[in-house]
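Open the structure in your viewer and keep the selection tool ready. We will go stop by stop.

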Amino acid sequence: EEGDEDDTQPRILLMGLRRSGKSSIQKVVFHKMSPNETLFLESTNQVHKDDLSGVSFVNFQIWDFPGQVDFFDPTFDDEMIFAGAGALIFVIDAQDDYVEALVRLHTTVSRAYRVNPAIHFEVFIHKVDGLSDDHKIETQRDVHQRANDDLGDGGLDKLHLSFYLTSIYDHSIFEAFSKVVQKLLPQLPTLENLLNILISHSGIEKAFLFDVVSKIYIATDSSAVDMQSYELCCDMIDVVIDVSCIYGPMEDGGAYDKESLAIIKLNNTTVLYLKEITRFLAGLTPHTWRANKQKPSGRFWNTPALYDRRNVNLLTRAGFPDDGRA
Ligand code: GDP
């Protein structure tokens, strides 16, 4: 219902040819579908507005478009669609011949850019699980080159495209979505800064702020993200949610709540600490105690209450609206 739309919600559009993988991406990232189940998804044939405001910290909408949107159809209102969009993700099936997809990418982004030049244009070179490492790099180079040549020929040199190699069969789709969402968060520099402060005062190696439902990370400190620790954190979220669902109290609509906290010690000396921050966000800190390295400050680790309060304070100071969820 158009009238119900909240215009302040950053909107992400998910577009691409039919069968490129749009519905699968949406189901896997936001609805916990396992990648194998996507084999049986019905192909998209209408605009799908997936409003996540009730389940996810990330208050955006996904508009899943049918592959063959006809821009010349008079009922296609590009003002309405592109004007409020924060990002447009265009999905290209890398396992297929992508000539037609590139043509469609060009028409789509040039049309959108004319309506709203502030949109972030994100190209997911998708289904790369079927490609060798060399083939992945070559495909990315080729898609990048051809897409930008088309833009140059069309006099759209100012239109910037970002490229990501993605697959629903590994963490690359979550990583790519994290980057896309982070570009839409005005609080990002503040959050990064606060996580840097947390790191430097605690001796922890790395801290992430996660949207629990999607496993998108909203922010991290400014040290480099290593894929392995990101994957570890994603796996820990799954474990904690599963254990909460099996053993947690079911009375108040869900076992995962603002009291949730978990520490997992792995036998390779890595310690993972997960702390619920709001109903939707968790702080996660994978930390490795190496023999030659100092333990993180005892006060921090031995006093979870202090840690809780600190974390909540940190977020309060980051200026999130207090909507009663925190
Ligand atoms: P849509 O029409 O763009 O919504 O495409 P679907 O989501 O229906 O996906 C079409 C097919 O691609 C399905 O059979 C999916 O299982 C498959 N698919 C989606 N993502 C991936 C991926 O990352 N890797 C592989 N190998 N297949 C994928």
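**Stop 1: two helices**

Select helix α1 (residues 22–30) and helix α5 (residues 172–183): they pack at an angle of about 85 degrees, with axes 10 Å apart. Helices here are DSSP runs of H or I with at least four residues, and strands are runs of E with at least two. α1 is therefore roughly perpendicular to α5 (the term covers 65 to 115 degrees). Now show side chains. Ile25, Val28, Val29 and Phe30 of α1 make the contact with Ile173, Phe174 and Phe177 of α5 (contact means heavy atoms within 4.5 Å).

This is a predicted model, where local features need pLDDT of at least 70 and side-chain atom pairs count only at pLDDT 80 or more, while totals for chains, interfaces and linings use all residues. Residues are numbered from 1 along each chain as its sequence is written, and side-chain values use heavy atoms, without hydrogens and water.

**Stop 2: rings**

Select Phe30, Phe124, Tyr164 and Phe177: ring pairs link them into a cluster. Rings of Phe, Tyr and Trp (its six-membered ring) pair if their centres lie within 6.5 Å; planes under 30 degrees apart are stacked, over 60 edge-to-face, the rest tilted. The count comes to ten aromatic pairs.

Next, take phenylalanine 208 and tyrosine 217. Their ring centres are 5.2 Å apart and their planes at 70 degrees, so the pair is edge-to-face. Phenylalanine 208 and tyrosine 217 are both buried (under 20% relative accessible area, with a 1.4 Å probe and protein chains only).

**Stop 3: a lysine**

Lysine 206 lies over the face of phenylalanine 208, 5.6 Å from the ring centre (NZ of Lys must be within 6 Å of the ring centre and within 35 degrees of the ring normal).

Note on methods
Axes are lines fitted to C-alpha atoms, for helices over the stretch in contact, and angles run from 0 to 180 degrees between N-to-C directions. Angles under 35 degrees count as roughly parallel, over 145 as roughly antiparallel, 65 to 115 as roughly perpendicular and the rest as oblique. Buried means under 20% relative accessible area, exposed over 50%, partly exposed in between (1.4 Å probe, protein chains only).
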